Each structure stands twice: as structure tokens, then as C-alpha cells.
Amino acid sequence: MTETLLTVGKLVNTHGIRGEIKVLSRTDFPEVRFAPGSKLIIIPEDGKGRIEVIVEAAREHKGMYIVKLKGFSDINQIEKYKGSLIKVTEGERVELPENEYYFHDIIGCEVFTEEEGNAPLGVIAEILTPGANDVWVVKRPKGQDILIPVIDDVVLDVDVPNKRVKIQLMEGLLS
């Protein structure tokens, strides 16, 4: 069985000449991922191989992170990894509080209404984050997508292992 890797960022450019890199964060936990001593895996843009690295230092800068990796002290050592993804093993995953979920756990779940024995409404294909609460975009087999607000009144049960979500239909959700 292959090990599952989770993407936490992308190397977008070098920073200065001392081997620092600009990382576009793709994680809700950058303070954990880019903390000194954190183990990261660089997957080169061509997808060939992987390089395990350890964070020496990091700081936020203009919406990105400037990261210094142990063993990289020169721009020439790190420049070839521009465009690479930064990943962690699933074992490094941050545990979430109850009733919070990772996007990749929710996308692909079938959505059912609270009535037993009915066919699924569709599959969660996307998650929007417009503001106060997330919105799950449910692709239906036929018809328009359904937008499900992720609030207690609507989302009744989330069963991640079985990829099933049970909802309470509110007036206006199906049109």
C-alpha cells in the first residue's frame, strides 16, 4: 500500500541568495507545518523522487512564508525545486476538533436527506469559503448543483469513513 501524502504548500520562488524559499501555504496550520524542526517532503515538479527536509526557520511575509530548510545555504541548492509541492505524510496530519473536517475528507461524500431509504442527492464536489460558514457544492446526477450551507440546522451527520453526509433540507435549497 502506498503512503498517503497531503499537500501543505508549493515552492513558488527563491528568496535572497542564502537558500531561503517562498512557500505558498495550502494548509490551515502553517504555524505547525513551517515551525522549526518540522519534517516536510518536497515532491519535484516532474513528480520524480522526493526529498525529505527539515524546517530550520520560517516567517510570514506578504501572504506567503519564507522558509529556511536545514542543509540548504545557497540559492543554487534550492532553485531547482521551484514549482515543487511540499507535502507531509498522513501520520503528520493535525487532529481536528469534533465536527470539523478536512476538505479532502468531505469532497466525494454522497449527500442524503434525513428520510431513510432515499437515493443520494449527489456528491460533494467543491467547498466554498465565502465568510461566516463554508458551503458544500453538491453535484447532482441531473439538474443544477445544490449549495449546502455548513450549519448545524442543515448538516445532521457526517460519516467520513463511509463517505456519507446526512442533511436536513431547508426551504429553497432545492430549486
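Let's start with one side chain: Phe29 is buried, with 17% relative accessibility (buried means under 20% relative accessible area, exposed over 50%, and partly exposed in between, using a 1.4 Å probe and protein chains only). Before going on, a word on what you're looking at: this is a predicted model, where local features need pLDDT of at least 70 and side-chain atom pairs count only at pLDDT 80 or more, while totals for chains, interfaces and linings use all residues. Residues are numbered from 1 along each chain as its sequence is written, and side-chain values use heavy atoms, with hydrogens and water left out.

Back to Phe29 and its partner. The structure has three aromatic pairs; for a pair, the ring centres of Phe, Tyr or Trp (its six-membered ring) must lie within 6.5 Å, and planes under 30 degrees apart count as stacked, over 60 as edge-to-face and the rest as tilted. In one of them, the rings of Phe29 and Tyr102 have centres 6.4 Å apart and planes at 65°, so this pair is edge-to-face. Phe29 belongs to the loop between β2 (20-25) and α1 (30-33), and Tyr102 to the loop between β6 (85-89) and α3 (103-106), so the pair ties together parts that are 73 residues apart in sequence. (Helices and strands here are DSSP runs numbered from the N terminus: H or I with at least four residues for helices, E with at least two for strands.) Tyr102 is buried too, at 15% relative accessible area. Phe72 and Tyr81 make another edge-to-face pair, with 6.4 Å from centre to centre and 80° between the planes. Both partners are tucked away: Phe72 is buried at 12%, and Tyr81 is buried at 14%.

Now step back to the whole chain. The domain assignment, which is automatic or taken from a database, gives domain 1 (5-91) and domain 2 (103-167). Taken over C-alpha atoms, the centres of these domains are 33 Å apart. UniProt, in an unreviewed entry, lists residues 7-90 as "domain: RimM N-terminal"; such positions follow the numbering used here, feature names are shortened, and annotations may be inferred rather than shown by experiment. That span is 50% strand and 10% helix, and its end C-alpha atoms lie 10 Å apart.

What sits inside? The largest nonpolar core has 18 residues, and Leu11, Ile21, Val23, Leu40, Val67 and Leu69 touch the most other members. A nonpolar core, by the way, is a set of buried Ala, Val, Leu, Ile, Met, Phe, Trp, Tyr and Cys residues joined through side-chain atoms within 4.5 Å. At least two residues of this core come from each of β1 (5-15), β2, β3 (39-43), β4, β5 and β6. Take Leu11: leaving aside neighbours within four places in sequence, its contacts (heavy atoms within 4.5 Å) include Ile21, Val23, Ile42, Tyr81 and Ile86. Another core, of 15 residues, lies apart from that one, with Ile124, Trp136, Val138 and Val158 among them.

Strand β1 also holds Thr14, which is buried at 13% relative accessibility. Not counting residues up to four places away in sequence, Thr14 touches Glu20, Ile21, Lys22, Ile75, Ile78, Glu79 and Lys82.

Lys62 isn't a glycine, yet its phi is positive, near 50°. You'll find Lys62 in the loop between β4 (51-61) and β5 (64-69), where it is exposed at 77% relative accessibility. Lys163 also has a positive phi, about 55°, without being a glycine. Lys163 lies in the loop between β11 (155-159) and β12 (164-167) and is partly exposed at 28%.

Lys163 leads on to Asp105, which touches Arg93, Val160 and Lys163, not counting residues up to four places away in sequence. Asp105 is in helix α3 and is buried at 13%.

Two last stops. The charged end of Arg164 sits over the ring of Phe112, 3.8 Å from its centre; to count, NZ of Lys or CZ of Arg must be within 6 Å of the ring centre and within 35 degrees of the ring normal. Finally, Glu92, in the loop between β6 and α3, is partly exposed at 38%. Glu92 and Thr4 are 88 residues apart in sequence, but 11 Å apart in space, C-alpha to C-alpha.
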